Amino acid sequence: MKKILFLFFSIIFLTVGIVLIPFSKAQDTSCDMSNVQNACGGNNGFGSACQDLLKQCEATINQALQSSINATTPLQSRLNSLNTQIKGIKNTVSSIEFSLSEKRKQIDQGYKEMEKQQNILNQTIRDYYIKSYYNSPLVIFLSANSASEFTQILGYQKANADRDKAIITNIVITIQDLENKKKDLEVKEISLSSLKANLDAQSAQLDKIVSGAKAYQSTLTNQLSQLNSIQQGILSTRLNGLNIPLYAYNTQGGCSSDVGKDPGFSPKFGFFSYGVPNRVGLNQYGAKARAEAGQNAEQILKAYYNADYTTGYNTGINIHVVGSNEYGQSFDDNWGIEEYLKHVYEVPAAWPSESLKAQAIAARSYALSKTNNGASSICPSQSCQVVKREENSDSWKQAVSDTAGIVMSSGGNPITAWFSSTHGGYVHSSADIGWSGTSFTKNAQDSTGAINSFSDLNSNAYDKNSPWFYCDWGSRADYNKTAWLKSSEAADIVNVLLLAQKDSGTTNHLYQVDKPNPAGTDTWDGAKVRQELSSRGVTPYSSIDSISISADFGSGKTSSVSVSGDGQSTNFSGSDFKNYFNLRAPASIQIVGPLYNVER
């Protein structure tokens, strides 16, 4: 057994050496993420410096990660097997330890019993020699009365002598056996102690190598996640290029629904989003409809915020406005909070008065929270709140006056009362759209009745009359300036998603083919994507016959997308399909929000 254990340790040692070589080499690879952040910050996402660094870092990290995985993956099952064997050996060692412990108890008990046997041995030896002297045949012959008596006495004495010799012999054998067992036990205990020490050392070394490799791979994966975040920033830049109006004041430029427009090809697929990107807090078109239905400002606000309707808040706070708005006006002004609100332009002044009041309270709460009660400045554009140098209309100023000192608060402080023009029939919490989670935002249906289908949503949403309620965003110069996609274009997007899922290392090649590759490498066209799929054992699509959408109408999110064509069908999660659609779709065509539908 000892030879088997030491052979096993030799195998572990060789394996550890094999794992350690690629791991130690891979550790020399690094990427300075601070340099990437600096080069890609702000509006530099498509700049050459950013793209070069993204390409270099992602290639370097992917190579290091793949090298580490390639080096450790073939050994992983072997390491698992070794760990299993170590566990089995440890169990065997424990069993041996228990057995040795029991044997030591038996030996110790044997020595205790030998104390009594030793006394018997000493007395027996003494009696034997005494009897040997006094019971000699001559003495017995002289003392016997007859030959018969002499024979009897002599036989009796011989039997006693044989018994004493047997007692002496057995006791001596027992003592010798105990001594031999004791020596054997001591040898085994020394050997076992050495084996345990070697086992623990090799096991610890193996664990260190495996955990070290996993930790290193985790570091590389985290760096890739950071690069992915930068790519998400690039997607955000593309989204911003749509110039989607975030607030309802500018009613011009609503999305143009392509339903009924002929792009000149068939079949055609269009992806329609519900609402605009930031669907948090006050839904401005929803507030308008609620006011028209008879709700007052407090009722409207409590439908959109988990916050307190608080009166009597400090009206003497100054708001410092710094920056430029969308109308070419520059600011570096200090206004009292109530004066500041007279210059806010967020919704049309002709809207119902209760919706104007709700907007005024939300704007007041937002400004106070954003500036920490005037301690910092606020911008005058849609990035904060739209402000103009001239005061707004009388109806708006009346709403400001009627709500002076009223805020939505949480814990006694004004909340950051976000708002947007159109939520698409739902209220979303800040965490739902990727912002920091807050207790005062909520997730709920924003409708006059239950929403269990797209039909219910289109009929019951409070903001259904918004020009941005149901839109296919983006377009292209040809195909009647629509966002309709051909069957082959839909198939290409599906193939891109299939390839990304099959091999994540290909994602740098899967951007839209009509724009520069943001990763700084070559973009694969549809034919190349199909070829790469086939080489990986995946049957690509050439055309799409049908696309269907499943949605969670409780929370307002597309849950899955099912596509069929070329005799096969595939399901994707709603978020995955949206992400790769936005990376691959031509021109400016995009899916804007979490809830979208398909038209054919």
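User: What share of the 600 residues in the chain is buried?

Analyst: Buried residues make up 44% of the 600. Here buried means under 20% relative accessible area, exposed means over 50%, and partly exposed is in between, using a 1.4 Å probe and protein chains only. This is a predicted model, where local features need pLDDT of at least 70 and side-chain atom pairs count only at pLDDT 80 or more, while totals for chains, interfaces and linings use all residues. Residues are numbered from 1 along each chain as its sequence is written, and side-chain values use heavy atoms, leaving out hydrogens and water.

User: Thanks! How many helices and strands does the chain have?

Analyst: There are 14 helices and 17 strands. They are DSSP runs numbered from the N terminus: helices are H or I with at least four residues, strands are E with at least two.

User: And what about contacts between residues at least 6 apart in sequence: what percentage join residues at least 24 apart?

Analyst: That comes to 74%. A contact means heavy atoms within 4.5 Å.

User: Let's look at a pair of helices. At what angle do α12 and α14 pack?

Analyst: Helix α12 (residues 487-502) and helix α14 (residues 574-584) pack at about 115°, and their axes are 9 Å apart. The axes are lines fitted to C-alpha atoms, for helices over the stretch in contact, with angles running from 0 to 180 degrees between N-to-C directions.

User: Which residues meet there?

Analyst: From α12 you have Asp492, Ile493, Val494, Val496, Leu497, Ala500 and Gln501, and they meet Asp576, Phe577, Tyr580, Phe581 and Arg584 of α14. By type, the residues of this contact divide into 8 nonpolar, 1 polar and 3 charged. In that count, Ala, Val, Leu, Ile, Met, Phe, Trp, Tyr, Cys and Pro are nonpolar, Asp, Glu, Lys and Arg are charged, and the others, Gly among them, are polar.

User: New topic: is Arg290 buried or exposed?

Analyst: Arg290 counts as buried because its relative accessibility is 9%. You'll find Arg290 in helix α6 (residues 284-292).

User: Which side chain does the side chain of Arg290 make a polar contact with?

Analyst: With the side chain of Asp446, at 2.8 Å. A polar contact is a pair of N or O atoms within 3.5 Å; within protein, one must be able to donate a hydrogen and the other to accept it, and residues adjacent in sequence count only if both atoms are side-chain atoms. Not counting residues up to four places away in sequence, Arg290 touches Gln295, Ile300, Ala303, Tyr304, Asp446 and Tyr462.

User: What about Trp335, where is that one?

Analyst: Trp335 sits in strand β5 (residues 330-336). At 13% relative accessibility, Trp335 counts as buried too. Beyond its neighbours within four places in sequence, its contacts include Ile317, Tyr340 and Val387.

User: Last one: which loop holds Tyr479 and Lys481?

Analyst: Tyr479 lies in the loop between β12 (470-471) and β13 (485-486), and Lys481 lies in the loop between β12 and β13 as well. Tyr479 has a positive phi of about 55° although it is not a glycine, and Lys481 also has a positive phi of about 55° without being a glycine.

User: Are they buried or exposed?

Analyst: Tyr479 counts as partly exposed because its relative accessibility is 25%, whereas Lys481, at 61%, counts as exposed.
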